[in-house]
Amino acid sequence: MSGALPDGFGDLETWVDEWSLATQNARWDKRLASSKEEITAFYEAVSPRVEAILDHADGFALGALPEDSERLYDLALMVAEIAPNVELYQGDPNVPYSFEERRFIAVHGESEH
Amino acid sequence: MCAARVQEQRWASKYPWLGTGPVSSEPCISPSVFEQEVEKVFKRVWLCMGRVEEFPEPGCYKLKQLDFASAGVLLIRGKDGVIRAFHNVCSHRGNTVVVPEGEWDNFGKKGMFSCRFHAWSYNDKGELVGVQNQDCFHAEFCKEDNGLTPIRCEVWEGFVFINFAEDPDVGLQEYLGDMGQHFTGYPYHELTYQHTYYTYLNCNWKIGVDAFAEAYHVNTIHAGSFPGTFSTGLQMVKLLGDHRTTAICFNPPRDGPPMATLSQTRARGSLVNNVNGTTLPPTINDESRDDFSFELSVFFPNWLLHVAEGIWFTHQFWPISHDKCLWEGKYYTRAPTTHSERWAMEAAVCLQRNAWLEDTATMEGTFYALRSGAKKQLHLQDEEILVRHGYHVLDKYLDSEA
């Protein structure tokens, strides 16, 4: 049950394997490796649930999520990563007219907190 | 005269001594100008090296390579709480004391700093305290005279500055002058939740600084991430000594995107909304504009400090050669206390990172194109007065004696 989510969020379990990622670097890489159709489908499925995910996560102290809630919360962080692309860049998985994204180094990129 | 003047030129009127003509493109591409910049600017003025919070305990150190000076700068917090700066060079035969790893700053904590070559060791004050086989050295050698070579280091508002000059023209307070006063009192030390990006850019350092020192580019460069957001023109421009600052104001989007809107209800993380708050000192937005978003400033030569309600961020461009520089972008908010707040800050940082990806997109292309020599002059409009002032100040330094 490595992909199990808390009660009430079982419908999102299908997204966990590929989209529940613990670091900003992993989420950033996932976006860059995805198509417009893939990020749009993920956004349409998960973004309407972000508010409920955050309310759920706020039932725990910061940094003290149980494993299933952590998986769920990482889905919300993935929405934060791809939301500008869907909402502002017409679904382009890259930032349009930008510097080469992989040349930006995020010092915090491997942190899980 | 080719162009009709269509509106009052606010900043040229306020600062007529800057002139209005085009500026030379030569300083952006010339290797010989770069050599002069190193000697007359970067080795003479105060340079921001980081924050005191980067050194939470005695023995904490930061090693930063500054290639323009061929220097590794070792900053150490002593047991007495003082942060000192040294050249990372052993007094014996010149080996690096802390061996740099990777392509960026090194951080750590040590009780003693030992050179790997022959195990000479230095304490938290840079004093030489251990020499292996000291009895074998000759009478001319004196341990007390052979500490690490110090670099002048002073702190303002928690920002650690160094000056490579043995006898700087002015101290840090005087160097910052009215600009230091303008930015004093902001709670930098409370807003320490930090996200940092860096990259090495194949362009002259000033092309980077200049790209961030105006808002004329916003409607084009940020049509993606900040559509129609910051297009009211500069406000409250102040040229303060060698430094410059302006307010950037805000057009609230009619319908914000859903996730961005949600993030704004959960935490103060993004510039793209207005809030009331208490973090800004009275010198910032002194006209009390309702549409104030953030203060954009350039501390000569290479550091940009921006403050907003509950958010501050910096850009820094470190010259490496005339055609290469290191960019560092750092974004700070209050540390989140809930998962909601943390998510909202992640959303804000992702959008800000994307905006910086848009900003940096033009820099290498600009440099490559200018190197052709096709354009000897750059035309600056009234809203680019901070860029104009930058070249004015640079000229002053380059015209001075080394």
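In which hand, left-handed or right-handed, does α5(B) pass α9(B) in a crossing? The structure is a predicted model, in which local features need pLDDT of at least 70, side-chain atom pairs count only at pLDDT 80 or more, and totals for chains, interfaces and linings use all residues. Residues are numbered from 1 along each chain as its sequence is written, while chains are lettered from A and ligands numbered from 1 in the order in which they are written.

α5(B) passes α9(B) in a right-handed crossing, a crossing being right-handed if the near helix is turned clockwise from the far one by less than a right angle, and left-handed if anticlockwise. Helices (H or I, at least four residues) and strands (E, at least two) are DSSP runs, numbered from the N terminus.

|---|---|---|
| α5(B) | residues 205-212 | B:I207, B:G208 and B:A211 |
| α9(B) | residues 363-370 | B:M363, B:T366 and B:F367 |

Chain B as a whole has ten helices and 19 strands, and its C-alpha trace spans about 80 × 55 × 35 Å along its principal axes. Among its contacts between residues at least 6 apart in sequence, 69% join residues at least 24 apart.

In chain A, helix α4 (residues 50-57) has as its buried residues A:V50, A:I53, A:L54, A:H56 and A:A57. What covers them includes α3 (36-46) and α5 (67-87) of chain A, together with α7 (258-266) and α8 (339-360) of chain B.

Key. A residue is buried if 20 or more other C-beta atoms lie within 10 Å of its own, exposed if 12 or fewer, and partly exposed in between; C-beta atoms are placed from the backbone. Two residues are in contact if their C-beta atoms, placed from the backbone, lie within 7 Å. Axes are lines fitted to C-alpha atoms, for helices over the stretch in contact, and angles run from 0 to 180 degrees between N-to-C directions.
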